[in-house]
Amino acid sequence: MMLPKPGIYYFPWEISAGQIPDGGSLRTFGRLGLYDMTQSSMTLVAQHGSDEHQVVVCTKLVEPFQAQLGALYVVLGELEHQEDGGVMVKARVLTCVEGMNLPLLEQAIREQRLYQRERESS
């Protein structure tokens, strides 16, 4: 049995800007802004500079879970483009990471990308 790819970290603002290929495994993060149990969807919100970015997440595969509004979550899943032009992350794993140092996570993602680029170019 083949395991799914581990999922590349993408920033929420990259996802909301539509910079991610469809169907690939990805990881992202954000604060829970909205959870609609009837639609099995949640909206993660992230600040980047002065802008607020939103990522819609399908939660069908990870329910039931304790939704904590305002708490920080990391999601692993696949990206799907919607008919209305938006995108949705279909969650396979959803983890509440409230208390995690967010600037440190963002720095780690940037460092990991730099390392990957250096490895690919050598």
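How far is the sulfur of Cys58 from the closest cysteine sulfur, and in which residue does that sulfur sit? Hi everyone, let's start there. The closest one belongs to Cys96, and the two sulfurs are 19 Å apart, too far for a bond. Please keep in mind that this is a predicted model.

A disulfide needs two cysteine sulfur atoms within 2.5 Å, so the count here comes to zero disulfides. Looking from the other end, Cys96 is in no disulfide either, with the sulfur of Cys58 as its nearest cysteine sulfur.

Now to the aromatic rings. The structure holds five aromatic pairs. Take Tyr35 and Phe65: their ring centres are 4.8 Å apart and their planes meet at 55°, so we call this pair tilted. The pair links distant parts of the chain, 30 residues apart. You will find Tyr35 in strand S2, residues 25-36, and Phe65 in the loop between strand S4 (51-58) and strand S5 (72-81). Are these two buried or exposed? Tyr35 is buried, with a relative accessible area of 18%, and Phe65 is buried too, with 19%.

Phe65 also pairs with Tyr73. Here the ring centres are 6.3 Å apart and the planes are at 75°, so this pair is edge-to-face. Like Phe65, Tyr73 is buried.

One last stop: Phe11, Trp13 and Phe29 together form one aromatic cluster.

Note on methods: Residues are numbered from 1 along each chain as its sequence is written. This is a predicted model: local features need pLDDT of at least 70, side-chain atom pairs count only at pLDDT 80 or more; totals for chains, interfaces and linings use all residues. Side-chain values use heavy atoms; hydrogens and water are left out. Rings of Phe, Tyr and Trp (its six-membered ring) pair if their centres lie within 6.5 Å; planes under 30 degrees apart count as stacked, over 60 as edge-to-face and the rest as tilted. Helices (H or I, at least four residues) and strands (E, at least two) are DSSP runs, numbered from the N terminus. Buried means under 20% relative accessible area, exposed over 50%, partly exposed in between (1.4 Å probe, protein chains only).
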